[in-house]
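This report concerns one protein and the ligand shown with it.

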Amino acid sequence: MAKKSYEEPFELPVKGTKLLLHSCCAPCSGGIMEKLHEEGIEYDVFFYNPNIHPLNEYEIRKQENIRYCDELGIKFIDADYDKDNWFARVKGMEWEPERGARCTACFDMRFERTALYAQENGYKVISSTLGISRWKNMEQINGSGVTAAAKYNDVTYWTYNWRKQGGSSRMYELAKEQEFYKQEYCGCIYSLRDTNRWRVKRGDSKIDLGKEYYGFKNTE
Ligand code: SF4
């Protein structure tokens, strides 16, 4: 497969269609949503993240994303929380490091569902907010996205580099402005386990789930 350039102009690869934007969370999607909005690119947000555990953490992340969609007047599509299928998909990869094979399987599953929804509902372009995080491997994410979209003749995965043109810094600015919930691990219980181990090793406390927001701590 030819390597795609990340220096593409900011325009959908297929003109005259609506983008289906897979969103992982409010902080990662916020700046991207704002940019799409400002540039007049039509899109809906698709939330399919059965990788997020425990359930309370999933609900908080989802509600934060809904809150910002409501603010911008963007449609939020709430997909299944089929976590049993997610655990089946990553079975045997519990000890893989982040950015390893488990993450590829995780991205594949989420993008396959996104591409299927796009195909069934007339969206010709899909993309994901996952790539904006500097903790993620963009090549790995784009590889999963392109593979998922390739199953359908009329669905294309947009490999735009959201980190460029101030995208990374705007992500943090907006998270502070909006006081989004600040998740401190990627999402699955394995990333929670590994992040806590790393924190304890460097002398920090374990993650206090559901408490940290950009700008304040929920002490209730
Ligand atoms: S670390 Fe993140 S991307 Fe990797 S499997 Fe867990 S939730 Fe998915």
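How many nonpolar, polar and charged residues does the shell around the ligand have?

## Ligand shell

The model is predicted. By class, five residues of the shell around the ligand are nonpolar, three are polar and two are charged. The residues that surround the ligand are Asn 51, Glu 98, Arg 102, Cys 103, Cys 106, Cys 186, Gly 187, Cys 188, Tyr 190 and Ser 191.

Two or more residues of this shell are given by each of the elements α4 (101-121) and α7 (189-201). The largest share, three residues, comes from α4.

## Secondary structure

The protein contains seven helices and seven strands. In sequence order, these elements follow the pattern β-α-β-α-β-α-α-β-α-β-α-α-β-β.

## Overall dimensions

The C-alpha trace of the protein spans about 50 × 40 × 30 Å along its principal axes.

## Burial and contacts

What percentage of the 220 residues in the protein do buried residues make up? The buried share is 38%.

Contacts in the protein can also be described by sequence separation. Of those between residues at least 6 apart in sequence, 75% join residues at least 24 apart.

Conventions. Residues numbered from 1 in each chain as written. Predicted model: local features only at pLDDT ≥ 70, side-chain atom pairs only at ≥ 80, totals over all residues. Near = placed C-beta within 6 Å. Helix = DSSP H or I, 4+ residues; strand = E, 2+ residues; numbered from the N terminus. Nonpolar A, V, L, I, M, F, W, Y, C, P; charged D, E, K, R; others polar. Buried ≥ 20, exposed ≤ 12 C-beta atoms within 10 Å, placed from the backbone. Contact = placed C-beta atoms within 7 Å.
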